[in-house]
Amino acid sequence: MGAVSPAVTTALLAYIPSPDRGVWHIGPIPIRAYALCIIAGIVVAVIWGEKRFTARGGEPGTVTDVAVFAVPFGLVGGRLYHVATDWKTYFGPGGVPLDALKIWQGGLGIWGAVALGAVGAWIGCRRRGVPLPFFADAVAPGIVVAQAIGRLGNYFNQELFGGPTTLPWGLEIYNRVDPSTGLPDPLGGVAMDSTPIAIVHPTFLYELIWNLLVAAFIVWADRRLRLGHGRVFALYVAGYTLGRFFIELMRSDPATRVFGDIRINVVVSAVVFVGAVAYVAFVRKPREEIARPAEQPSETPSQTASGTPSGAAEEPAAADVGEDEAVSGAAPDRTS
């Protein structure tokens with residue numbers, strides 16, 4: 001038997017297949033894997049964030065209420081960042097400006113999502129009387145896990161991969177076409193032939209794994225060091241940007257470049273990383289705790305008609321306690 005050629009060996013080792021499509025139809029209704037991954041990530045972030053928030057002394061239901069503001073703001077911010085940093089795709093030669101609104105086709109910049117999502121979270125926290133740093137620390141691990149789940153959407157969209165590779169975990173890329181016309185359709189089409197047209201680095205998978213490691217690390221650091229006042233969130237940002245810096249260098253998809261030939265997200269990752277590390281290093285306040293209103297004692301015959309026990313001074317109303325006064329001391333270490 002003759003020796004197997006290097007080309008055949010490489011093809012056999014590149015065993016990670018891409019999905020043949022990223023969109024399914026139920027009648028006229030398209031079901032997009034990318035959208036399902038984003039929704040699943042949001043659900044996980046809210047559920048886990050709620051658990052951590054209440055473990056730190058927060059009122060149940062707060063994370064869900066704040067998410068009503070933070071999630072829409074984050075989606076808009078993510079899309080704005082993507083369009084702003086890749087504007088030539090939509091407004092350059094051959095671009096279709098209306099495509100900038102088609103968020104279901106992919107394209108959410110994490111920097112814009114976090115920035116504008118924080119504005120929405122601030123609004124929600126103000127309405128609930130919760131300090132934003134306290135809230136951010138509670139939801140940080142869930143956010144980075146949501147990002148990991150979202151990267152599966154890139155897998156189904158067959159996008160954001162790296163350059164060619166001969167590694168055994170190389171990703172097979174197929175030619176997708178519109179079944180009705182036979183024309184190329186990378187996002188909405190179907191792979192009629194499972195023969196790969198390229199074998200590339202699955203950078204979406206690298207980032208997915210890295211995000212899960214970051215989530216585990218910040219939970220461990222939070223338990224061991226009892227972080228507070230936004231330091232858990234800053235640690236998440238530092239960890240994420242560290243990985244994103246190197247993974248971004250591996251990607252081969254078109255991107256806006258600055259300072260000659262550097263991808264813009266490489267520069268942003270470096271700048272944000274430095275800021276996040278500085279925050280973790282210089283903020284040294286102890287972990288805060290939200291003081292819940294004290295339970296009211298049941299009425300007894302010795303109480304006066306107004307409900308106040310005779311001879312007892314009237315307690316100040318819980319509503320008179322300001323936001324700053326509601327945060328003090330160190331919370332018991334019950335965070336998941």
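Leu 160 sits in the loop that joins α6 (132-157) to β3 (171-173). Helices here are DSSP runs of H or I with at least four residues, strands are runs of E with at least two, and both are numbered from the N terminus. Leu 160 is not a glycine, yet its phi is positive, about 55°. His 229, in the loop between α7 and α8, also has a positive phi of about 55° and is not a glycine either.

A word on the source. This is a predicted model, where local features need pLDDT of at least 70 and side-chain atom pairs count only at pLDDT 80 or more, while totals for chains, interfaces and linings use all residues. Residues are numbered from 1 along each chain as its sequence is written, and side-chain values use heavy atoms, with hydrogens and water left out.

Now the whole protein. It has 9 helices and 8 strands. Of its 336 residues, 40% are buried, meaning under 20% relative accessible area with a 1.4 Å probe, protein chains only. Taking contacts (heavy atoms within 4.5 Å) with a separation of 6 or more, 76% are between residues 24 or more positions apart.

Next, the helix pair on either side of the His 229 loop. How do α7 and α8 pack? Helix α7, residues 203-225, and helix α8, residues 231-250, pack at an angle of about 160°, and their axes are 9 Å apart. So α7 is roughly antiparallel to α8, a label for angles over 145 degrees. Axes are lines fitted to C-alpha atoms, for helices over the stretch in contact, and angles run from 0 to 180 degrees between N-to-C directions. The crossing is right-handed, that is, the near helix is turned clockwise from the far one by less than a right angle.

On the α7 side, the residues in contact include Tyr 206, Trp 210, Phe 217 and Asp 222. Their counterparts in α8 include Leu 235, Tyr 240, Arg 244 and Met 250. By class, this contact has 13 nonpolar, 4 polar and 3 charged residues. Asp, Glu, Lys and Arg count as charged, Ala, Val, Leu, Ile, Met, Phe, Trp, Tyr, Cys and Pro as nonpolar, and the others, Gly among them, as polar.

Last, Thr 241, which also lies in α8. Is Thr 241 buried or exposed? Thr 241 counts as buried because its relative accessibility is 1%. A polar atom of its side chain lies 2.7 Å from the backbone oxygen of Val 237. Leaving aside residues up to four places away in sequence, Thr 241 touches Trp 111, Ser 269, Val 272 and Phe 273.

Conventions:
Parallel < 35°, antiparallel > 145°, perpendicular 65-115°, else oblique. Buried < 20%, exposed > 50% of the residue type's maximum accessible area, 1.4 Å probe, protein only. Polar contact = N/O pair within 3.5 Å; in protein donor to acceptor, adjacent residues only side chain to side chain.
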